[in-house]
Amino acid sequence: MADNADHIDGDDNEDVRAQQNLIKIKLKSSEGGIYECGLTAAKMSDLVKNMVESLGTDAVVTTEPIILGNEAVTDAALKKIIEWVEFHWDDPPVDHDFEDEKDRRNEELSHWDKQFIDVDDQALLFDVIAAANYMDIKGLVEVGAKHICSKIRGKSCQEVREMLKITNDFTAEEEDAIHKENAWIYAKD
Amino acid sequence: MDMIQQMKHLKTSLESANDGNKDNKQQPQMYAKNSMDRFGDDLCALIVSYLSLEDRFRCECVSKQFQRTVFGSVVDITLNEKTLYKKLNYQILTRIAIKCPNIRSIEMKALKSKYSVESLKVLDIFRDNCRHLRQIYYNFRKIIGEFESLITGINSANENQSLDRCLQLSRLRVNSLSDVFHISSADVSQQLLAKNLHKFSFNYKSSDNNVLLSAFVAHNQSLKSLVIVMSDENHETLTEMCGQLSRLTQLRELNFNITIMNGENSLSDSLRTIGLNCKQLQRLTLGLMTSCEQISDQILISLAFFSRLKRLDLTLFAAIDHKSLEPLKLCHRLTHLTLYLHSNDINFEQISAKYLPRIQYLSIISPNLLIKNKALKAISKLLTLKSLLIMSSSNSSSGSGALSASIRFASSFFCHSAVMTTSGGANSGSATNSRFGSPISFRANHRNGFSKL
C-alpha cells in the first residue's frame, strides 16, 4: 500500500491491457458459430482466461477457436456476451478501500447494463446468464441476477412463477403452511 | 467473489443434505429454455441472493428449489423500530433466524435505547440460531452483558462503563471525546476505554483537551476513518489538534466539519501537517462554515498537500476567489469530486481531462453560480465520467444546451438552487451524503463518456 502511493498506480497495466485487447481471439459457440473477441475482454471469463493461459503462445490462441461446449452458449448468447465484455473490459478495478461487497451488491445497474440485459426473449436471457455462469464471468452473472431480482421485487409467488415459468412443485397444503408462516410480510406498516 | 464461493459451498452442502433432490444440471433437456427451472441450485441461489429479505420470504413458496436456495445467502440483517416492533415479534424473528442460519452481522444502530431490553432478547435469538454471528452494530451500551464480545460497532453512547469490555469494537460514534474516557475526579486520572478502533466519529468540544486526544491517538493507531465536527476553536487548540491527528498515519478517510468565525487562524498550516503525515489518506471531506474568504482560500491552498486523494468533497460557505481552485490541478488521482460552493464567479479550468484523468463522479452544487459554456464543454470531455450532478442557479438554456448538445443528454440535469436546502456545521456531513442520492444524477459509461447514453 505505502509503496504504490508514490506513483499513479496501474497506468502501465492499463496500457498492457489495451494492447492485449487488440489481439483478437476466436470463440466457438455450442452451435458452431465462431466469433472474434479482444483478448483482454475475453479474459473477463475465468474459463477462457484459464484456457488461454494453459494454451500458452499467442499464435495458437489467435488461430484456433476456443470451444465453449455448454449448450447455453448459443450463437445469440455468445454474441451478447462478447458485446458485454467488449464494453466492460476496461472498467476501473474495484476500490476495496471504499466499496465493500454489500454496497456493490445493492448498487443499481448502470444505464447501459440495464438496456443490455433487458432482453424480451426470456430463453435468450436465461442462455446469457447460464452461459456467463458457465464461462465464469462474475460481473455479467451479477447483472443478470440483479435484473431478474428487480423483476421479482414485490410480486406474489404466483406472479413470479408465471413470469419466470417456474413449476410449482408444492402441494396446496405445503404452500398454505409456508404462506401462514410468512404472513408477517403482508402486514401493514 | 466471496459470495460465489460461498454459494458453491452451500450447494455442495445442500446436495449432501438433500439426497434424492433432482439435479437439474444432469438433465437440462427436461426444462423449457425460457423456464428458470433449467437452472441448478447453485445458479438459482446466486440469482436470488440479490433479493431483499422480504422478497425472499415472499418467494419461499415459488418452488422447492426457491425454498432451498433463497435464504442461504442472507448474511446481514438490519433491525429498526419499524421492522422490529410493528411487524415482527419474537416468534417471527426466531423463524427468520432459523431459516437464515448464515447471518453474520446484525445492525441495530437506529434502534432507540428504550428498546434495550427487547434488543437483548433479539440478540439472544440470533446468537442461538446463527452460528456465524460475529458482528453487531449497536446503538446503546446499557446492559450489553454477554454480547460484549460480539459488539463491533456502537453508534452513540451515554454510558461508558462497559465500553472497555467490548474487545471487538471497531466502529464508534460518540458525542464528545470524554465519552471514551473513564475520568475519575478523585485522582484526576483518565482511563481510555476504546482502543484499536477503525472508525471513529466525535464532536470536538473545548472541554476535550488535547491531552485526551493525545492519549486516544496513541492507542488508536489503527484508525482508518475519522469524522470530526468542531466549532470556533482558537488558533492554538486547532493547531495542536491537527498535530495530534497527523499521527494517525493509517488514516484513509477524514471528514472534517469546522465552523470558524474568527479570521485569525492558520487552518492551512494545520491541514498541511495532516496532508504531509497521513500518506494513506484517500478520501477527504471538508466542510467549512465561515464567511471569511481568506480562510477558504487558505484551505484550498493546503489541498496541494493532499495530492494522493481519490475522493474529495468540499463544502465552502464563503465566496472564493475565482483562482482559488487552482490547487485542485495537483490532485490527479481524484475519482470522485464534490464541490459545494457559494461563489458566483469561478472558472472551472481545473475540471478538465488533463487534470482529472480518472474522474468518475463529479458533482458541482452552487446556488449562485452561473456555469459558463466553456466549463460545460470541458465537463463534456471528461470521458471517464460515470455520474454527473450539477445544481446551480443557471437556468440559461444556452448553458445547458451546450452541454446536452455535446454529450447528447436526453434530459436536462440542471436544478434551481431554490429547491435545495442548505445546511452547515454539524449537519453538513450528512447533508453531503444525502446529496449523493439525489434523483438527478446521471450515469454514463466510464469509457465512452456520455456519447453512448
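**Close-up 1. The open sheet of chain A in this predicted model.** Three strands of chain A form an open sheet in the order β2-β1-β3, and their pairing is mixed. At the edges stand β2 (34-38) and β3 (66-67) of chain A, each with a single partner strand, so one side of each is left without a neighbour in the sheet. Strand β1 (residues 24-28) of chain A and β2(A) pair in the antiparallel sense, with five bridges between them, and in β2(A) the bridge partner of Lys24(A) is Gly38(A). Helix α5 (residues 75-88) of chain A packs on this sheet, where the helix touches β1 and β2 of chain A and its direction makes about 10° with that of β2(A).

**Close-up 2. Parallel strands in chain B.** Strand β8 (residues 199-204) of chain B pairs with strand β9 (residues 225-231) of chain B in the parallel sense over six bridges, and the bridge partner of Phe200(B) in β9(B) is Leu226(B). Strand β9(B) is also joined by seven bridges to strand β10 (residues 253-259) of chain B, and these two run parallel; here Ser225(B) stands opposite Glu253(B) in β10(B). Strands of a sheet pair through backbone hydrogen bonds, either parallel or antiparallel.

**Close-up 3. Helix α11 of chain B and its packing partners.** In helix α11 (residues 293-302) of chain B, the buried residues are Ile295(B), Ser296(B), Gln298(B), Ile299(B), Leu300(B) and Ser302(B). The buried residues of α11(B) pack against one helix, α10 (267-277), and against the strands β11 (283-289) and β12 (311-316), which also belong to chain B.

**Close-up 4. The largest nonpolar core.** In soluble globular proteins, nonpolar side chains tend to be buried together. The largest nonpolar core here has 150 residues, of which Ile81(A), Val85(A), Ala131(A), Ala132(A), Cys59(B) and Ile103(B) touch the most other members. Helix α8 (residues 122-134) of chain A gives the largest share of this core, eight residues, and at least three residues are drawn from each of domain 1 (3-92 + 108-153) and domain 2 (157-189) of chain A. The centres of these two domains of chain A, taken over C-alpha atoms, are separated by 36 Å. Apart from neighbours within four places in sequence, Ile103(B) is in contact with several residues, among them Val74(B), Ile77(B), Phe126(B) and Leu133(B).

**Close-up 5. The span that UniProt annotates as an F-box domain in chain B.** An unreviewed UniProt entry places the feature "domain: F-box" at residues 41-70 of chain B. This span is 70% helix and 0% strand, and its end C-alpha atoms lie 10 Å apart.

Definitions and conventions: Residues numbered from 1 in each chain as written. Chains lettered and ligands numbered in written order. Predicted model: local features only at pLDDT ≥ 70, side-chain atom pairs only at ≥ 80, totals over all residues. UniProt positions renumbered as here; feature names shortened; annotations may be inferred. Helix = DSSP H or I, 4+ residues; strand = E, 2+ residues; numbered from the N terminus. Domains from an automatic or database assignment. Buried ≥ 20, exposed ≤ 12 C-beta atoms within 10 Å, placed from the backbone. Contact = placed C-beta atoms within 7 Å. Core = buried A, V, L, I, M, F, W, Y, C linked by C-beta atoms within 7 Å. Pairing = 2+ DSSP bridges. Axes fitted to C-alpha atoms, helices over the stretch in contact; angles between N-to-C directions.
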